[in-house]
Amino acid sequence: MAADNLPTEFDVVILGTGLTESVIAAACSRVGQRVLHVDRRNYYAGNWASFTFNGLLAWIEEYKEQQKAADSDEGWREKLEEGEEPLLLNQIDTSLSNLQVICYASEEPEEEEEVTTPVARPTPQIPDTATEERPGKSQAPPTGETQAPPTQKNGTQSEPPPAEERDTPNEATPTEEKDTPSQDTTNEGTETIETQGEAQPEGSQEEVDPEQQAEGEGEGPQEEQTTPTEGDTAQSQEPSPAEAKKKKITLAKILKEGRRFNIDLVSKLLYSRGSLVNLLIKSNVSRYAEFKNVSRILTYRNGKVEQVPCSRADVFGSKQLTVVEKRMLMKFLTFCLDYEQHPEEYLDFTERSFWEFLQTKKLTENLQHFVLHSIAMVPPGARTGEGLRATQHFLRCLGRYGNTPFLFPLYGMGEIPQCFCRMCAVFGGIYCLRHSVQCLVLDKESGRCKAVIDTCGQRISCNHFVVEEGYIREEHRRGVAYRQISRAVLITDRSLLPSESEQQISLVTVPPLQGGPAVQVIELCSSSMTCMPGTFLVHLTCPSTGTAQEDLAPVVSRLFAEPASDGEDQGEVDSEKPTLLWALYYNMRDSTAVDRSGYSLPSNVYLCTGPDPALGSDHAISQAESVFQQLLPDEEFCPPAPNPEDIVYDGEAPQGEGAGFGEPAQPERGEGDGGEEEQKAESEQDSEGPQTDVAEHNPTPAPPAEE
Amino acid sequence: MHGRVKLKSTAQQEEEKRKEREKKLKVYLAARDACFNKRKEGVMDDEALQLTQQLLSSNPDFATLWNYRREILLHQETVRSGDEVQKLYEEELSFLEGCLKVNPKSYGSWHHRGWVCSRIPQPDWARELGLCDRCLSLDDRNFHCWDYRRMVVKLSGVPVNQELQFTDRLIGSNFSNYSSWHYRSTLLPLLHPHSPEPPSPLRQPRPSRSPEPSSPQTHSHRVCEEQLLKEYELVQNAFFTDPNDQSAWFYYRWLLGRAEREEMISCVFVSREGERVVVAFSRPVNALAVGLVLVVDGQPLQVDWRSAHPRFGHSPVWICELPPGTISDTSNEHNLTVNWTEKHTHRDCALYTGRSESWCRDSATDQELFRSELSVEKTSVLQSELQSCTQLLELEPENKWCVLTIVLLMRALDPLGYEKETLAHFETLKEVDSMRSSYYSDLCSKFMIENTILKMEYAEVRVFSLSGKKLTTLCHLDQLLLVTHINLSSNQLQALPPQFAMLQCLEVLEADDNVIESLCGLYHLPRLEEVSLRNNQISRLSDLKPLTSCPKLTRLDLRGNPIIQIENIQSELAELLPTVTDLLL
């Protein structure tokens, strides 16, 4: 077996490639730790993964299958030595439940049968065959690539995660302006945007992005997709006029275009000043991914979907608000931006709910709705302080990159863990998919884990073991009670709120209906590279109160229409609403509330919980950082990785100061130091070459809409 | 740049930087000298192009080098083929793009780019517009780029409506942008010109005026009403969203504003006594240069026009003395005409038998002179605008822009009816914006004077009383040409300005209880008899000197002024002002 070739000694062994584990892997590898990162699945990112449509269908089947399978290979026992005892790990994933697929698209009534036939294997975005041919593979050869042997089942999996192949010069990483020509991914590049983003006209984003993508798609290193790239580009750029949509999208069509889908198991966005974005920038991992602005915030109110005005430009442009409402809303939001400075305004309400507080703020009913459900996004019972904090966070995230506080990674949220894996691999981490750890080897005396025995029966010693919660066996949990997340994934034929531009990424907040939880809906357009042109991919998420279908079907039926059966009257039915083509419901375990003390594990075994239902990824990031600090208390967490373009060699003037003369341009004026910085600042503004010295002094975030 | 953090560096870094700078300076100076030498020798070769390029890319504001570069390019045009010239200029544009990246606000680079675009055989305007868009998306207030863009638009003939959409887009993304609003104000009149017919009902009842469309307020730069209403809505959205943003308010003022008044002769006054003719114009002119001709009884007269005060080259009031005996006989009737040849306009005035004086004029009420700077749009429109602003004021009681706009709207609607509210608003303004309280005082004074003029004209009297109104300044004095009695007592005036000399009919002046120091406006007032200046700040004898030019002055009250402390003041004054018989000290 090929995995025999694995080195037998590592500093850190990490099991599971979800976001938390991947961040830890990158952080450890970055500071020189020898990292072995494995996942029992044949794809990256665990429950954070993205699938093509066909991949998802196959994955659903396989997921159901694996529940029955149980292995009982006891070969590992002989690897144990005197004074050691095993701690067995779970080989089956039980974190998802109540999987339910409903196909609305015409073709057949028996969706299950129809579905399974054309599907090959449960590949995540990258089919193995394509992977091996990929020329981009050699771009950044991690040590793992040569050292790590292929796993027995599926050829080598140890190459850097696939995020790499989109690492083309056309990317927009979060550290750069949409259409800046330079590839500046340093921190000060970010600062550039912070000022520019505010000034960026709404329209231009819309125009620039798809174009850029088209470039990325067309010119990038031969995409993994086997379909002809040119055709794809043309199609994705098509505005897909209404007539085109009239043509019914069949399941066969979706299957045929299945590779255009990147369906996330967890649906999240990135707060543009949230911990994940900050980490992406700080660590320079951002360069492995591209992002798009979430272009609008919508909400469901009085039976209708409407746009939430949240930025200054939105409020100004809003057609639904009266001018007085505009003033009231702006006044309230301005107050929230630095509410700590005006304690007199809210101190009386600290013990009361945010909702009650809003009632006193002369806000009309729709404004109250917007603030509570779409801006603060807190439950109606939330305290005033919590509501104000959430509102402030939302507002502070506005304007950094665009008109909403959120970013979405192209190709789906599943990209993000892979980006961190790639960073890990670049710094020497070794990757094995379809490879797991059977048991930990505990030293009886110290109670510490000194080694692991992998699924190939190989013993690998390590100092630290990081594991995703789902791998822990029942017997090591002491009465742990999980929460659940209810999820629905829908494919629809048009946007919930059609607008001039078809290509919108929308966050739709649905307030609690009839006592249920608030549901967060993310609607993705095809230019987000998560669905085929002419369709929209819709994610619904809420904390569970029942099964996913019980929780979410009522919301789905309010927002979407089921196509009429048997072809009569099609299109007439509820023409106001988008039509459902396909739906998947499932529950995912939410282990984030569980305390470490709820597990009986050795002290050098660190647990990573799975995803939570929140919109951002802050929990995963703070957990990763805290695990890292326990592991390596003296090391910095994810210091910036040097970007080859950023390295300023001795004696060489930084780029961007012109053809070698720089600031002595007006030497007679006896310019002081200030003048020089000024000049740098100006060239920066024009997104010029990197100046790392500025980068380290990243100023504090400025409030949005500042002049 | 705004809000950028500057770095503090250590002494060592400082030193390194200094050395590096010195090194660069050396290279730079050498290149510069080489360039200058080449230019002196008249060399126009490729090397010179390269040298200047090198220098300019690091210092794009070196105007001499740009000039040299243009000389070289012009020369190259003559020696290269058409295609080569095209290529040369295209390279120049790419080079300039680099310069603009270094400094997007370089005058030199933008100007040179404009020049290149005027020389290049086949300009690519789309590329230029794209460049402007990029630049403006980085800094939407870069006026260099705005200027350049306007030039490109003009040369490439971008349709006006497309440009209006462009401003829509920029304003939509960030309305704190004077450039966009201003651009709009130049585009709208082109796209939606105001049609003078039918005249708005407000202006109809004016039989005394000539009905020709060139009435003072229907001049160009106006926008049709339908579009105006849309603009009001747009701009209201802006100032309700952020009432502290000035740009929207300024645009709003422009929307409400009216065109400049037509230049015309607004009044001709004739007096037998002194045989004088006084002409008032709607705006200051230089009568000596505009071809002003006085015709008396059909005979053009050679007269010397002088402005009301020697300090004015341009003045709204001009005076001339007729040759002695021309109109002195009260038994004769005379017809005078003042021709303004330059403007092809004139005004007649008949001096009847037995009358000592006569005039012909448009009154301020006729001209709606004081409808502030606001428009003559329908009252209903202004009324609804006033309502919106009042609504905003309820939400933002301390917003100065809002209060000021309300004041202006009230002026436009009914200056006298809203006088009380206006005064109250001015008090608010002085409070919330104390830095500009003097400005508000002056503005308030102006409005009070306007109101008093209106009242006076409605009453058809020549007495002007404005006591106790907290006036800080005097204005519209040209409108007081016919006033005989003026009472300015109990105000806060510091001076009687030179414009005061326009009160050519003034006989009695009361200005007690002010803080007047200067009387320079009491100059050549031929009829002035009584001057009361009790409790003012006149302290020197020389301050009273202007009074010597007023031949009829007989009564002067200076009680309560510092000047009375001067020794021998009585005799000094008697010597200075021999005509004064009634001197009160």
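Reader: What length does helix α1 of chain B reach from its first C-alpha to its last?

Author: This is a predicted model, where local features need pLDDT of at least 70, side-chain atom pairs count only at pLDDT 80 or more, and totals for chains, interfaces and linings use all residues. Residues are numbered from 1 along each chain as its sequence is written, with chains lettered from A and ligands numbered from 1 in the order in which they are written. Helix α1 of chain B covers residues 11-40, and its expected span is 44 Å at 1.5 Å a residue (1.5 Å times one less than its number of residues). Its 30 residues come close to that, reaching 42 Å.

Reader: Which residues of α1(B) are buried?

Author: Helices (H or I, at least four residues) and strands (E, at least two) are DSSP runs, numbered from the N terminus. A residue is buried if 20 or more other C-beta atoms lie within 10 Å of its own, exposed if 12 or fewer, and partly exposed in between, with C-beta atoms placed from the backbone. The buried residues of α1(B) pack against α2 and α3 (63-79) of chain B. They are B:Lys24, B:Tyr28, B:Ala31 and B:Cys35.

Reader: Are α2(B) and α4(B) roughly parallel or roughly antiparallel, and why?

Author: Axes are lines fitted to C-alpha atoms, for helices over the stretch in contact, and angles run from 0 to 180 degrees between N-to-C directions. The axes of α2 (residues 46-58) and α4 (residues 82-102) of chain B come within 8 Å and cross at roughly 25 degrees. Angles under 35 degrees count as roughly parallel, over 145 as roughly antiparallel, 65 to 115 as roughly perpendicular and the rest as oblique. So α2(B) and α4(B) are roughly parallel.

Reader: Which residues of α4(B) make the contact with α2(B)?

Author: Two residues are in contact if their C-beta atoms, placed from the backbone, lie within 7 Å. From α2(B) come B:Gln53, B:Leu56 and B:Ser57. From α4(B) come B:Phe95, B:Gly98, B:Cys99 and B:Val102.

Reader: How do α11 and α20 of chain A lie to each other?

Author: Helix α11 (residues 275-283) and helix α20 (residues 618-631) of chain A have axes 8 Å apart. They pack at an angle of about 55 degrees. That angle therefore makes α11(A) and α20(A) oblique.

Reader: Which residues of α20(A) meet α11(A)?

Author: The α11(A) side is A:Ser275, A:Leu276 and A:Leu279. The α20(A) side is A:Asp618, A:Ile621 and A:Ser622.

Reader: With which residues is B:Thr241 in contact, leaving aside its neighbours within four places in sequence?

Author: B:Thr241 sits in helix α10 (residues 225-241) of chain B. It is buried, with 25 other C-beta atoms within 10 Å. Its contacts are A:Arg312, A:Val315, A:Phe316, A:Lys326 and A:Met330.

Reader: How far apart in space are A:Ser95 and A:Asp590, C-alpha to C-alpha?

Author: A:Ser95 is in the loop between β4 (84-88) and β5 (96-103) of chain A. It is buried, with 23 other C-beta atoms within 10 Å. In sequence, A:Ser95 and A:Asp590 are 495 residues apart. In space, C-alpha to C-alpha, they are 8.3 Å apart.

Reader: What share of chain A do buried residues make up?

Author: Chain A has 22 helices and 21 strands. Of its 707 residues, the buried share is 53%.
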